[in-house]
Amino acid sequence: MSPRSTRRRRTPPWPWPLWSSRPACSPPRCRRHRLGPGPLGELHDTLARKALDTAGVRTELRTRATGITRTDDGRWNVTAGCGRLAADTVVLAVPQREAHALLPEGALDDPDRLLGIGTAPILNVHVVYDRPVLRRPFFAALGSPVQWVFDRTAASGLAAGGPDGRLVDGGGGRGAAQYLALSQSAAEDEIDTPVSVLRERYLPELGRLLPAARAAKVRDFFVTRERTATFAPAPGVGRLRPAARTNAPGLLLAGSWTATGWPATMEGAVRSGLNAAGAALAALGRRHEHPLQEAA
């Protein structure tokens, strides 16, 4: 249960192929790694909620969990904005500080270690060009202040397919346009940088990486800041990350900050959920095979 109704976007998956800082292009073999072209909210929220609804799961939105207590018969009561929920098993899938506040006494041997897991910000730089400047859905740069660049044109609703296959403005009819989003992880040094400074820093670099951007006009430039987007992968953080199982039967932890063996990525978050689900099913005596296999 999460105390938030919204889902944070996680750092783009590290195992995706990297490109160099030469003009952007993408080898065909990289296509098998890409996600669908739609927004992450479609995958993480719309489709996930549809699957839950189909399974008969009740989903409470805009509902904050404020307490978890053990009942006399060994079950759990979760106090939330919608009232009190009784459950045999609870998966606490919240950020580490919220988990520390909600965990009942004795659930972890040293719960204060969760407070030692810091957070890292993500800075998102958004640029709308008056014409297409990137032919591929995304790329990552090496030897550049730019980390990841995603084509958000279709996902944002800006573009619709024209009769000649061009990207065209879906609203104002102003001709070809492309919306790129730069995702900058571990952005402690830039999270408070003024937009004007970021504009001077990143527009020339995009022109270096994308030759077509040099002659393009910038229709819009804005910045969004996620100050606690992920946990901070600082040295020694591995010993602070807890496993899915707690000392309290029926109470499990999930989140990319738990001991998944992965950094703060969507893949790590998925693995944490699978670990918690497997532990819950095992406690019920139900056989569960982990659907993912790690490469040696």
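What follows is a walk through this structure, from the whole chain down to single side chains.

This is a predicted model. The chain has five helices and 12 strands. It runs to 296 residues, and 40% of them count as buried. Of the contacts with a separation of 6 or more, 67% join residues 24 or more positions apart. The exposed surface comes to about 16,200 Å². Carbon and sulfur atoms supply 52% of that area.

Start with helix H1, residues 40-54. Its end C-alpha atoms are 20 Å apart. That agrees with the 21 Å its 15 residues should span at 1.5 Å a residue. H1 also bends, by about 25° at Ala-48. After the helix comes Gly-56, with a positive phi near 85°.

Further along, in the loop between H1 and strand E1 (65-70), sits Arg-62. Its phi is near 50°. That is a positive value in a residue other than glycine. Arg-62 counts as exposed because its relative accessibility is 77%, and the cut-off for exposed is over 50%.

Ala-186 is not a glycine, yet its phi is positive, near 50°. Ala-186 lies in the loop between E10 and H4. With a relative accessible area of 52%, Ala-186 is exposed.

Now to a loop residue under cover. Ser-144 is found between strand E6 (138-140) and strand E7 (148-151). Its relative accessible area is 17%, so it is buried. A polar atom of the Ser-144 side chain lies 3.0 Å from the backbone nitrogen of Val-146.

Helix H4 takes up residues 195-209. From first C-alpha to last, its 15 residues reach 21 Å, close to the 21 Å expected at 1.5 Å a residue. Several of its residues are buried, among them Leu-198, Tyr-202, Leu-203, Leu-206 and Leu-209. Glu-205 and Gly-207 are buried too. What covers the buried residues of H4? The cover includes strands E5 (119-129), E6, E7, E10 (178-185) and E11 (218-231). E6 and E7 are also the strands on either side of the Ser-144 loop.

Charged side chains come next. The structure holds eight salt bridges. One of them joins Glu-190 and Arg-201, at 2.4 Å from N to O. This pair links distant parts of the chain: Glu-190 is in the loop between E10 and H4, and Arg-201 is in helix H4, 11 residues apart. Glu-190 counts as buried because its relative accessibility is 12%. Arg-201 has a relative accessible area of 34%, so it is partly exposed.

The side chains of Arg-208 and Glu-205 meet at 2.6 Å, N to O. Why is this pairing a matter of about one helical turn? Arg-208 and Glu-205 are three residues apart in helix H4, so about one turn separates them. An α-helix has 3.6 residues a turn, so residues three or four places apart point the same way. Is Glu-205 buried or exposed? At 12% relative accessibility, Glu-205 counts as buried. Arg-208, at 37%, counts as partly exposed.

Arg-287 pairs with Glu-289, and the closest N and O atoms are 3.0 Å apart. Arg-287 has a relative accessible area of 77%, so it is exposed. Glu-289 is exposed as well, with a relative accessible area of 56%.

Finish with Arg-241. This arginine lies in the loop between E11 and strand E12 (251-253). Is Arg-241 buried or exposed? At 12% relative accessibility, Arg-241 counts as buried. Its side chain reaches two backbone oxygens. One is that of Trp-257, at 3.1 Å. Another belongs to Trp-262, and lies 2.9 Å from a polar atom of the Arg-241 side chain. Leaving aside neighbours within four places in sequence, the residues in contact with Arg-241 include Ser-256, Trp-257, Thr-258, Ala-259, Thr-260, Gly-261 and Trp-262. Arg-113, Ile-117 and Phe-231 also touch Arg-241.

Technical notes
Residues numbered from 1 in each chain as written. Predicted model: local features only at pLDDT ≥ 70, side-chain atom pairs only at ≥ 80, totals over all residues. Heavy atoms only, no water. Helix = DSSP H or I, 4+ residues; strand = E, 2+ residues; numbered from the N terminus. Buried < 20%, exposed > 50% of the residue type's maximum accessible area, 1.4 Å probe, protein only. Polar contact = N/O pair within 3.5 Å; in protein donor to acceptor, adjacent residues only side chain to side chain. Expected span 1.5 Å × (residues − 1). Contact = heavy atoms within 4.5 Å. Bend = angle between axes of the 7 residues up to and from the residue. Salt bridge = Lys/Arg side-chain N within 4 Å of Asp/Glu carboxyl O. Areas by Shrake-Rupley, 256 points an atom, 1.4 Å probe, with all protein chains shown as cover.
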